[in-house]
Amino acid sequence: FNRWTHPSGPLPPQKMVNAENGSHLQATVRVPLDAYMMDFVFSESEEGGMYDNRDGMDYHIPVSDSMAKEPPMHIVHIAVEMAPIAKVGGLGDVVTSLSRAIQDLGHKVEVVFPKYDCLNLSNVKDLHCRQSFTWGGTEIKVWFGKVEGISVYFLEPQNGMFWVGCVYGRNDESRFGFFCHSALEFLLQSGSSPDIIHCHDWSSAPVAWLYKQHYVHNGLPNGRVVFTIHNLAFGVHHIGKAMAHCDKATTVSYTYSKEVSGHGSIAPHLFKFHGIRNGIDSDIWDPYNDNFIPVHYTSENVVEGKSSAKRALQEKLGLHQTDSPLFGIISRLTAQKGIHLIKHAIYRTLERNGQVVLLGSAPDHRIQGDFSNLASKLHGEFDGRVKLCLTYDEPLSHLIYAGADFILVPSIFEPCGLTQLTAMRYGSIPIVRKTGGLYDTVFDVDDDKDRAREQGLEPNGFSFEGADSNGVDYALDRAITTWYDARDWFHSLCKRVMEQDWSWNRPALDYMELYHSARKN
């Protein structure tokens with residue numbers, strides 16, 4: 001009982017017997033008065049044999065009317081990105097949104113974070129310097145503030161390590177290694193004793209081995225380390241080392257966890273590796289309460305709401321106000337995101353009298369230059385029907401999600417993807433390549449009815465396999481035809497996708513299960 005912590009220890013094996021009507025097996029168990037949770041696994045016989053422990057998570061049934069309450073857990077995230085104060089990619093969104101979702105379940109959540117000189121401080125409430133400590137040959141000031149309701153401790157080494165004007169790109173390995181070690185030292189020196197220390201990607205991966213080597217036997221004995229891989233494309237050596245030392249590891253969707261299971265840094269550790277999909281923060285992404293769109297809407301008035309947003313978007317970007325399908329693309333322009341498929345899709349959509357809006361920039365200046373040339377060409381040739389905005393613009397992204405009929409995500413690989421989830425929150429229909437988290441969250445209206453039903457869902461978009469123009473055309477053509485020939489059904493699809501829940505509600509519960517199973521180790 002009580003997540004394997006009850007003082008009476010586990011009960012002896014209970015033999016299950018046929019129920020009276022014979023359709024199932026049952027066992028009768030005496031439940032202690034102070035038990036708030038019953039924990040169990042199934043096995044073939046008392047001696048063992050085949051067993052089912054739900055992939056190491058075990059089965060749990062809450063006990064009603066218990067004299068005891070489950071104690072809240074203390075979770076500390078150590079990370080180098082956090083939205084909206086220092087966000088580069090999806091990692092920043094996840095750190096904030098997951099923290100909020102777990103806190104909303106009644107647990108104590110804190111984040112330890114570098115105090116960059118490029119922080120967006122307008123989003124930090126009550127920031128003040130709380131203490132300082134000396135470590136690694138320098139004084140480290142500790143600032144405290146609230147970000148989106150989460151308690152954040154900002155570490156500012158006085159050697160200037162984080163006064164370089166940006167998050168990444170300045171001797172990152174040594175800066176983040178120093179940060180990870182000083183974060184653990186801060187927990188030790190401040191007398192904190194978290195149950196879970198959660199680190200993310202290569203940048204805070206050193207936490208896993210530094211904790212096991214220096215802190216688990218030296219003042220921080222209670223913690224278990226959970227490590228999440230958001231993208232395996234960077235820092236493989238660090239990721240492999242963290243995989244070896246952490247207690248549990250996750251990546252950000254079930255299918256991506258299967259796709260990378262043969263990878264050298266992951267394959268030896270599959271017994272502790274799980275896929276839990278990301279959610280979106282439904283307070284930040286909420287068409288009923290969004291300052292960046294002209295008319296607030298829910299699934300009940302989705303057609304009116306999206307029509308107003310579409311007109312506002314066309315007006316803002318100088319597109320013709322015609323009755324044609326509008327495709328949005330919101331993406332970093334990198335090879336991972338399927339650049340050749342994006343270009344093909346733009347031309348194909350224009351060929352079929354659609355409109356296209358692209359928002360995104362490329363870290364690689366050659367790709368950025370390539371798209372600048374493409375923009376000049378397209379804006380000249382298809383004036384009023386296409387607009388490429390080669391920058392990062394959060395307000396504009398909200399208007400595109402609301403104003404587009406379809407959002408295209410043709411990624412070559414995609415650990416989870418938040419774009420398709422945000423699109424559905426705003427009633428835009430996702431068109432995706434079947435990979436990673438895109439496969440787990442978008443179910444093709446023609447091809448995936450059974451697969452959707454298995455998840456208790458209705459189909460919600462268009463998808464394609466392969467990585468060539470034929471694949472894109474297969475999805476695009478069906479989407480455009482639907483828009484022109486079955487408009488009422490298309491509108492009902494917009495309503496349907498808005499009513500699906502892609503928030504953190506379910507993933508947060510999955511993470512709590514994972515945290516509990518890490519504690520049991």
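Select helix 4 (residues 206–215) and helix 5 (residues 236–245). Pro206, Ala208, Trp209, Lys212 and Gln213 of helix 4 meet His238, Lys241, Ala242 and His245 of helix 5. Contact here means heavy atoms within 4.5 Å. By class, the residues of this contact are four nonpolar, three polar and two charged. Ala, Val, Leu, Ile, Met, Phe, Trp, Tyr, Cys and Pro count as nonpolar, Asp, Glu, Lys and Arg as charged, and the others, Gly among them, as polar.

Before moving on, note that this is a predicted model, where local features need pLDDT of at least 70, side-chain atom pairs count only at pLDDT 80 or more, and totals for chains, interfaces and linings use all residues. Residues are numbered from 1 along each chain as its sequence is written, and side-chain values use heavy atoms, with hydrogens and water left out.

Stay on the pair. The axes of helix 4 and helix 5 come within 7 Å and cross at roughly 45 degrees. Axes are lines fitted to C-alpha atoms, for helices over the stretch in contact, and angles run from 0 to 180 degrees between N-to-C directions. Helices (H or I, at least four residues) and strands (E, at least two) are DSSP runs, numbered from the N terminus. The crossing is left-handed: the near helix is turned anticlockwise from the far one by less than a right angle, whereas clockwise would be right-handed.

On the helix 2 side, pick Gly177, Cys180, His181, Leu184, Glu185 and Leu188. Their partners in helix 4 are Pro206, Val207, Leu210, Tyr211, His214 and Tyr215. The contact has eight nonpolar, three polar and one charged residues.

Go to asparagine 159, in the loop between strand 11 (150–157) and helix 2. Asparagine 159 is partly exposed, with a relative accessible area of 40%. Buried means under 20% relative accessible area, exposed over 50%, partly exposed in between (1.4 Å probe, protein chains only). Leaving out residues up to four places away in sequence, asparagine 159 touches Thr138 and Phe178. Its C-alpha lies 6.2 Å from that of threonine 138, 21 residues away in sequence.

Next, helix 10 (residues 394–403): eight of its 10 residues are buried, so it is largely enclosed by the rest of the structure. Colour Leu396, Ser397, His398, Leu399, Ile400, Tyr401, Ala402 and Gly403 as the buried set. These pack against several elements, including helix 7 (302–317), strand 16 (326–330) and helix 11. At the N-terminal end, aspartate 393 is the cap: a side-chain oxygen lies 3.0 Å from the backbone nitrogen of leucine 396.

Follow helix 11 (residues 419–425) to glutamine 420. Glutamine 420 is buried, with a relative accessible area of 0%. Its side chain makes a polar contact with the side chain of threonine 441 at 3.0 Å. A polar contact is a pair of N or O atoms within 3.5 Å; within protein, one must be able to donate a hydrogen and the other to accept it, and residues adjacent in sequence count only if both atoms are side-chain atoms.

Finish at aspartate 485 in helix 14 (residues 469–485). Aspartate 485 is exposed, with a relative accessible area of 64%.
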